[in-house]
Amino acid sequence: MSQPSNKPTLTPQFCFNETVLRDFLRLSRVAIDDSIIQNLNALITPSRAGFDPSSTAERQIQTPRRRPIDPESCQGFKNNVLFQSWQTRSDVLSYCAGVAVDPEDPDLIAREAESAKDRERVVDERLDPYSGRFFPREARTESLANLIRNERGVEGIIRARSWGLVAERCGDNGVGWEEALNRWRAAQERDQAVKRSFE
C-alpha cells in the first residue's frame, strides 16, 4: 500500500518554482489517487479457502463479485493514507495561494523598469512591423495564482474520482469526499487538542 506524501518545506521559492510545485502535486497524485484501485486491492485479505479447481468446470457468464474489503482496513486507508495525502496537497496549495497574493513580488521593480524602457523606445514600424507591439510579462504572482486556481480544479476532479472508487469498494455511506475530509480534519484537531492537554 502506498504511503502519504511527505510535506515539503514550504517557502515562497518552492511556490514560485512552478516546475517543482507541479512535480510535487503530480507525484503525490500518482502515488495515491492514480493508483487508488491497486491501493484498495492491497487491502483485501487473501483467500483462506485456496483455489477450487471445480470453479473452472463451468463457464461463468456473470462477472464475479468483488470481494468486500474489511471496513476497518478501509477506514485505516482513508485516515492514514488518503486523507493525509489530500491534506498535505491542500496545505501546499493554500500556502502557495497566500504567497500569490503577497504584494512583495521581488520581480516587480525589474518589470516596471523594463515596461518604462519599452514605452520610451522609438521604433520605425516600416523597418520592423512587429517591434511596435509590446508584450508585458505576466507577474510571477499572477502566474502562480493561475497555476493554483488550475491545480485546485484538478484536485477537485481527482478527489471526486478517487472518492467514488473508495465508496464503491468500501461501502457507500452517502457522504461526499468534502464532508468526509472535513470530518477527518475535525477528528485530527480533536486529537491534537487532547495531546496538547496532556503535555
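Here is a short chat about helix packing and ring pairs in this predicted model.

Colleague: What are the ground rules here?

Modeller: The model is predicted, so local features need pLDDT of at least 70 and side-chain atom pairs count only at pLDDT 80 or more, while totals for chains, interfaces and linings use all residues. Numbering starts from 1 along each chain as its sequence is written, and side-chain values use heavy atoms, with hydrogens and water left out.

Colleague: How many helices and strands does the chain have?

Modeller: There are 7 helices and 0 strands. Both are DSSP runs numbered from the N terminus: helices are H or I with at least four residues, strands are E with at least two.

Colleague: Why is helix 2 called roughly parallel to helix 6?

Modeller: The axes of helix 2 (residues 18-31) and helix 6 (residues 140-170) cross at roughly 5 degrees and come within 12 Å. Angles under 35 degrees count as roughly parallel, over 145 as roughly antiparallel, 65 to 115 as roughly perpendicular and the rest as oblique. Therefore helix 2 is roughly parallel to helix 6. Axes are lines fitted to C-alpha atoms, for helices over the stretch in contact, with angles from 0 to 180 degrees between N-to-C directions.

Colleague: Which residues of helix 2 make the contact?

Modeller: Glu18, Leu21, Arg22, Leu25 and Arg29 do, and on helix 6 the partners include Leu144, Leu147 and Ile158. Contact means heavy atoms within 4.5 Å.

Colleague: What makes Phe83 and Trp163 a stacked pair?

Modeller: Their centres are 5.7 Å apart, with 25 degrees between the planes. Rings of Phe, Tyr and Trp (its six-membered ring) pair if their centres lie within 6.5 Å; planes under 30 degrees apart count as stacked, over 60 as edge-to-face and the rest as tilted. The pair links Phe83 in helix 4 (residues 71-100) to Trp163 in helix 6, 80 residues apart.

Colleague: How do you know that Phe83 is buried?

Modeller: Phe83 has a relative accessible area of 3%. Buried means under 20%, exposed over 50%, partly exposed in between (1.4 Å probe, protein chains only), so Phe83 is buried. Trp163, at 9%, counts as buried too.

Colleague: Why is the pair of Phe83 and Trp184 tilted?

Modeller: The centres are 5.9 Å apart and the planes stand at 45 degrees, so the pair is tilted. Trp184 lies in helix 7 (residues 177-197), so this pair ties together parts 101 residues apart in sequence. Trp184 counts as buried at 7% relative accessibility.
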